[in-house]
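This report describes how parts of a model pack together. Please look at the sequence and structure below before reading on.

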Amino acid sequence: MTPKQNALYALMEEQGYSYACIQATMAIVGLERAALDDLILFIEDENPSENEVIERVSELCVGH
């Protein structure tokens with residue numbers, strides 16, 4: 001994994017998201033640097049629920 005992917009993964013684990021949510025997010029976001037940055041900031045700033053993270057990931061997918 002890249003450093004950004006590692007950072008997002010660790011942050012999601014730290015926040016207590018389920019393994020399924022983390023794995024799905026990592027698989028969908030992949031190597032998209034902008035999406036990784038967006039999600040890291042979103043999770044750090046907003047402390048979103050799993051549903052909110054899933055919504056944000058889907059929004060990022062629609063944009064591409």
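## Residue I22

Leaving out residues up to four places away in sequence, I22 touches Y9, M12, E13 and Y17; contact means heavy atoms within 4.5 Å.

This is a predicted model, in which local features need pLDDT of at least 70 and side-chain atom pairs count only at pLDDT 80 or more, while totals for chains, interfaces and linings use all residues. Residues are numbered from 1 along each chain as its sequence is written, and side-chain values use heavy atoms, without hydrogens and water.

## The largest nonpolar core

I22 is also among the residues that touch the most other members of the largest nonpolar core, together with L8, M12, Y17, L39, I43 and V53. This core has 18 residues. A nonpolar core is a set of buried Ala, Val, Leu, Ile, Met, Phe, Trp, Tyr and Cys residues joined through side-chain atoms within 4.5 Å.

At least two residues of the core come from each of α1, α2, α3 and α4 (50-62). The largest share, six residues, is supplied by α3. Helices are DSSP runs (H or I, at least four residues), numbered from the N terminus.

## Residue T25

T25 belongs to helix α2 (residues 19-29). T25 has a relative accessible area of 3% and is buried, a term for under 20% relative accessible area with a 1.4 Å probe, protein chains only. Apart from neighbours within four places in sequence, T25 is in contact with L8, M12, G30, L39, V53 and V57.

Note on methods:
Buried < 20%, exposed > 50% of the residue type's maximum accessible area, 1.4 Å probe, protein only.
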